[in-house]
Amino acid sequence: MQMQSDAATAASPPLFGQFLERWSEEFYFLFRLFFAFFAFLHGIQKTFLLWGFPADHPLGVKVDIAGWVEFIAAILIATGVLTRLAAGALVVQMIWAYFDVHAPNGIWPHIFPAGAGFGGHGGEVPLLWFAIAGIIGVLGARKYSLERKLLGRELL
């Protein structure tokens, strides 16, 4: 009798787990949109020199490239078009951003070396974005995407 109740308990997740499992596609879609929103903000800040971003940034064209990658990838991830490709571009960019700009400051978010400007903080942002973009790259757009709506499947 005890073995049957243990098997039944293992087969049905707790109430909160049932709710989360039932709405997992919607939660994942919100996760994608949330990440894409912040990537979009970062991208337009760099691309269009908004919110105090300096035009004479010492990284020059690297910042322009980063801005466009973030801007375009955010739109693709949010809409579910070429999601894995866009997430992969962000993964590569975050590796580049971490080692080229942020690694010398460590991973600590509270370290702002004097005069270092926008690249002066630690590397927690590119490392976190690397992980999030990696997850999105592995999972793709899933249920909510323009590709699935229009083509019935994801292209990549």
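A search of the whole structure, which is a predicted model, finds 10 aromatic pairs.

User: Why is the pair of F29 and Y144 called tilted?

Analyst: The ring centres of F29 and Y144 are 5.3 Å apart, and the planes make an angle of 40°. A pair needs centres within 6.5 Å, and planes under 30 degrees apart count as stacked, over 60 as edge-to-face and the rest as tilted. The angle of 40° for F29 and Y144 therefore falls under tilted.

User: What makes this pair a tie between parts apart in sequence?

Analyst: F29 belongs to helix α3, while Y144 sits in the loop between α6 and α7 (146–151), so the pair joins parts that are 115 residues apart in sequence.

User: Why do F29 and Y144 count as partly exposed?

Analyst: Buried means under 20% relative accessible area and exposed means over 50%, with partly exposed in between. F29 has 25%, so F29 is partly exposed. Y144 has 28%, so the label for Y144 is partly exposed as well.

User: What makes W68 and F71 an edge-to-face pair?

Analyst: The centres of W68 and F71 lie 5.5 Å apart, with 85° between the planes.

User: How are W68 and F71 placed in helix α4?

Analyst: W68 and F71 are three residues apart in helix α4, so about one helical turn separates them.

User: Are W68 and F71 buried or partly exposed?

Analyst: W68 has a relative accessibility of 40%, between 20% and 50%, so W68 is partly exposed. F71 has 17%, which is under 20%, so F71 is buried.

User: Which residues do ring pairs link into a cluster?

Analyst: The cluster consists of F40, F48, W68 and F71.

User: How do you know that R22 lies over the face of W23?

Analyst: R22 is 4.3 Å from the ring centre of W23. The cut-off for the distance is 6 Å, and the charge must also be within 35 degrees of the ring normal. R22 is listed as lying over the face of W23. R142 likewise lies over the face of Y28, at 5.6 Å from the ring centre.

User: Why is A36 called buried?

Analyst: A36 has a relative accessible area of 3%, and the limit is under 20%, so A36 is buried. A36 lies in helix α3. Leaving aside neighbours within four places in sequence, A36 is in contact with A74, I77 and A78. A36 and T79 are 43 residues apart in sequence, and their C-alpha atoms are 9.3 Å apart in space.

User: What covers the buried residues of α5?

Analyst: The cover includes α3 (24–48), α4 (61–79) and α6 (124–139). Among the buried residues of α5 (83–102) are T83, L90, M94 and H102.

Terms used. Residues are numbered from 1 along each chain as its sequence is written. This is a predicted model: local features need pLDDT of at least 70, side-chain atom pairs count only at pLDDT 80 or more; totals for chains, interfaces and linings use all residues. Side-chain values use heavy atoms; hydrogens and water are left out. Buried means under 20% relative accessible area, exposed over 50%, partly exposed in between (1.4 Å probe, protein chains only). Helices (H or I, at least four residues) and strands (E, at least two) are DSSP runs, numbered from the N terminus. Contact means heavy atoms within 4.5 Å. Rings of Phe, Tyr and Trp (its six-membered ring) pair if their centres lie within 6.5 Å; planes under 30 degrees apart count as stacked, over 60 as edge-to-face and the rest as tilted.
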